[in-house]
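Subject: A structure for you to look at

Dear colleague,

I am passing on the structure that we talked about, together with some notes on what turned up in it. Please open it first and keep it beside you while you read.

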Amino acid sequence: MSGKYLGSLYVLALSAAFASNSAFAACVSLSALDSSYTQNFDSLANSGTANDASTLPAGWAFYFNGTTTTYRADNGGSNAGGIYSYGATGSNERAFGTLLSSTNTPFIGACFQNDTGGTITSLDISYTGEEWRLGTASRADVLNFEYSTDATDVKTGTWTGVSALNFTTPDQATAGAKDGNSVAEQTALSSTISGLTLASGATVWIHWVDGNASSADDGLAVDNFSLTPHGTSGGGSTNPGGNGSATPSSVPNDGATATLLTVVPTPGTNPTSASYTVSADLSAIGGSATQTFYDDGSNGDVTGGDGTFSFSTTVAGTTSPGAVSLTATIVDDQARAGATSISLTVTAPVPNLKIGAIQGTGDASPYAGQTVTTTGNVVTVVSGNNFYMQDPVGDGNPDTSDAIYVFRGSSTTPAVAVGDIVDVTGKISEFNGTTEFGSPVTVTLNSSGGSVTPVLLNSSMPSSNPALPVCTGSLPAGNVAEGNWECLESMLVSFDGVVVGATGGGSAADGTHPGTPGSFYATVGGVARPFREPGIAYPGVAGYPVWDGDPEIMEIYFGKGFNGTSAAPYNAGQTFAMTAVVADFSGGYELYPTVFTPGSTPITVQPVADSATGTLTIASQNMLHFYDDVDDPGTGDNCTTPGTKDVCPTTAQFDIRLSKLSLQVRTVLKAPAVVGVQEVENINALQKLANQIHVDDSSLTYAPYLIEGNDVGGIDVGFLVRSYVTVNAVTQIGKDTQTDDGCGGSPAPASCILNDRPPLLLDASFSGQRFAVLVIHNRSLSSVDTTRVQRKRLEQAEYVAAIAQAWQTGTGSSVGLVSPDAHITLGANGETVPNADGSVPLVIVGDYNAYEFTDGYVDVTGQIKGTAVQADNVTWAAQTTTPTMCDAGLTTDPATRYSFMFDGYVQELDHALLTRAAWTDFVSLHNAHGNADTSEAGPEVTDITTPARSADHDGQVVTLTFDRLFGDGFEGDTCR
């Protein structure tokens, strides 16, 4: 039976309850008159006692007791009532049968649907009945055959019996298992059911009902079933049809880009189409009106003889862009004709452009969103599947970039390498400010061995003057970065450079962790080191000083790792040679190195000069989050895992900081008599630093002074004072001072603390001479362009100026402060400067978070000195310091006048202002270096053998003399 035909059927689904277990997906389809359907049941399971009904041949069903949904595989040995797949053990030769129980009658059968298109009037049915078990000897059992034209399942309906198709037990001797495949156990039965009128779509059910014989019943089965419908064809014949398509469905009218037009015919009926010819009218796209389509593997046809007719064609240039519908005609072997349509979208030709034209002279491509082609360009950098390419000749326009980025996504074909010459077609897009070919793109590899000459950067490229940019195309006014770099976007550049801003360490860097090397700032070699200058960054605010922003600074970013270049911590002063790609990242331009060759390693640590014996040295040092190793819940150093950040270091990390800061104080600041410190957590941390200094050099003994302030992070200002200095008093001033202005939050509170880190006043004596030091740490420059921040910075400066003025005007007694601003409210107990005396030198040191000049918004240093000019500041207040104070820092070499690095330019944020009494004793101020110029990502951060990067600010030391033998003439010099 293995050669018998199994039709395309659907599975009959049964459920546990009879009301639903006869539901079925579809009947057996009778698709043609006089064509036989056969079933040999060899697909039934040949093992198992609970095989699911879903494994029955499609269209077949059974019913046993209303709950049974499985059937048994058996060789006749079982006497249990049920539904059976009969056959020899393990054999695939199967038959479909039943065995009646004493209480349940089994039914097996199938449903057939008339899909011939005509009317079925009769059915020829034949099958072989097989006996697989004799239940009781010498008596017959029977499978009764019936059919129904109104049945709804294998049991329910009106049934008509056909006795000629009833199968009666053939072998009634010897009860037990039988070999149903033996001729002696079989009966061939056939008959014709006539008088039917099954219209198209109608169904007919057949089934066999197991008769109830006396005593134990027999196991009887059906095999080799055949059903052939006969009748009359329905109506006239139908024409063939088809389904048309185009790949690609959108084609430019360039006469070169091919599209494959295909038609898949659908057959006509009565009779069914056997073969076809296909043609189409292609005149709408410049082709033949009777173009033949092929199914022979030619003319673009993919597989000959597969029933798909094809023709590859192009769209003529005379075709207008837009939607086109092409009519295809299908003619079958009966000369019947049908039609279908092929939809096609015609677009304008893809322009072939030089990269310069694609980039354009603006900040975005004029072809953004359009598909273009560019040819003959050299691959300069490969990044995974993506790459940069550059026109080796260029378009001759200095305002257009000759390079572009190609984003291919996951596409890897073809693989490209540096030097390959390629053609690229794709849609232009703008991603984070970069013009690029976006995925998907088509890349054609032409040859290899190409090269590009990088643009050589020099002292005028990039320009240091924002008003005279390198790129002079149609760029928005005022964007300094675009003015220098947009016309070089994605191009190769080369130069000999110098690091001006050491390698950053990202968010992971702090006082105890080196962080991950990322980027650094550099200039072309020979260009003067960029310094912060007066004014608001270009383009500034009308009417106020403007700072050019040092646009000559370049950011070098190693994160791409092109050609094996990798990030490393480089310090300021490091020289190098480099070739790189210019990248626009959200309007901020970066250089991605492809070749990087560092020069000699610079020395960053520069101690202050020695001071003469007998002079008084006063230093300032911001110590960058100098927290101890004690967890203080509820304060700024509260953390669950010590060591994860510098505000809660482990003991080992704290010991490293102690060692490095000891080196900073002893060897860089040269062990000054007084050190005004900032960003120290508490007196415990400062005491341990004093102890460490003494351990490292027993000749040095410092006493720590610190009073807790208001800072939400828990950092304070304080003093380290040498043992030979007599401390008269240390007084915190302004802890309770409030302001109703400059308060953050939403909604802003009615008032807030003015001094996050209140000033601390040291009243002391050295060699019998009384002097005073005020240490301050004012609000940062963050968000300085906002009114709220400007007001708070101004009011803090006014407050410090009020303290200075109170000291200058004092006559040896305590002086109560007068509120210097209508927005400032003094503490409930008043604010007092104790023992103020204008004849006693006062030095104000610390992190002013301000420059020695105005930033254009607020001149913090000038407000304290009493020299701020209203016309030069967006926010200003009347001067209260009389006489004005003197800035000791302005006596230094401008090349060394810095204490901090930001965005590649250096700046002096730490200052020493002197009253006129102090100025007469002034000898010198020296700036130490080694922190601002050292990478926060380098090994120095945790190296206890060097003071480099002991903090992020450099320190400075002021020298005074009370013995005119050591004077240098400044007492007669003009106050700066």
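A residue is called buried when its relative accessible area is under 20%, exposed when it is over 50%, and partly exposed in between, with a 1.4 Å probe and the protein chains only taken into account. Before I use those words, please note that this is a predicted model, in which local features need pLDDT of at least 70 and side-chain atom pairs count only at pLDDT 80 or more, while totals for chains, interfaces and linings use all residues. Residues are numbered from 1 along each chain as its sequence is written, and side-chain values use heavy atoms, with hydrogens and water left out.

If we take contact to mean heavy atoms within 4.5 Å and set aside the neighbours within four places in sequence, Thr-617 touches Ser-611, Pro-672, Ala-673, Val-674, Val-957, Val-958 and Thr-959.

His-823 sits in the loop between strand 47 (811–816) and strand 48 (824–825), and it counts as partly exposed because its relative accessibility is 31%. Apart from neighbours within four places in sequence, its contacts are Gln-738, Thr-739, Asp-740, Asp-741, Arg-791 and Glu-795. Val-818 is in the loop between strand 47 and strand 48 as well, and with a relative accessible area of 67% Val-818 is exposed. From the C-alpha of Val-818 to that of Glu-130, which is 688 residues away along the chain, the separation is 120 Å.

Next come the empty spaces. Rolling a probe the size of a water molecule over the atoms shows where empty space is left. On a 1 Å grid over the protein atoms alone, a cavity is a set of points where a 1.4 Å probe fits but cannot get out, whereas a pocket is an open set with protein on both sides within 12 Å along at least five of seven lines, and lining residues have an atom within 4 Å of a point. Grid points are joined across faces, edges and corners, and a volume is the space filled by probe spheres set on the points.

The second largest pocket has a volume of about 300 Å³, and of the 15 residues that line it, Tyr-388, Thr-434, Lys-560, Phe-585 and Tyr-592 are the closest to its centre. Which strand gives the most to the lining of this second largest pocket? Strand 36 does, with 3 residues, although strand 29 (434–447), strand 36 (575–585) and strand 37 (588–598) each supply at least two. For residue classes, Ala, Val, Leu, Ile, Met, Phe, Trp, Tyr, Cys and Pro count as nonpolar, Asp, Glu, Lys and Arg as charged, and the others, Gly among them, as polar; the lining of this pocket then has 8 nonpolar, 3 polar and 4 charged residues.

There are 4 cavities of 30 Å³ or more, and the largest cavity holds about 50 Å³ of space. Its lining consists of Asn-755, Asp-756, Arg-757, Pro-759, Ile-776, His-777, Asn-778 and Gln-796, which by class are 2 nonpolar, 4 polar and 2 charged residues.

The peptide bond from Thr-413 to Pro-414 is cis, with omega near -5 degrees, and Pro-414 lies in the loop between strand 27 (403–406) and strand 28 (421–431). The bond from Met-461 to Pro-462 is likewise cis, with omega near 10 degrees, and Pro-462 is in the loop between strand 30 (455–456) and helix 3 (480–485). Asp-34, although not a glycine, has a positive phi of about 65 degrees; Asp-34 is in the loop between strand 1 (28–30) and strand 2 (37–39), and it is exposed, because its relative accessible area is 54%.

With best wishes

Notes: Helices (H or I, at least four residues) and strands (E, at least two) are DSSP runs, numbered from the N terminus.
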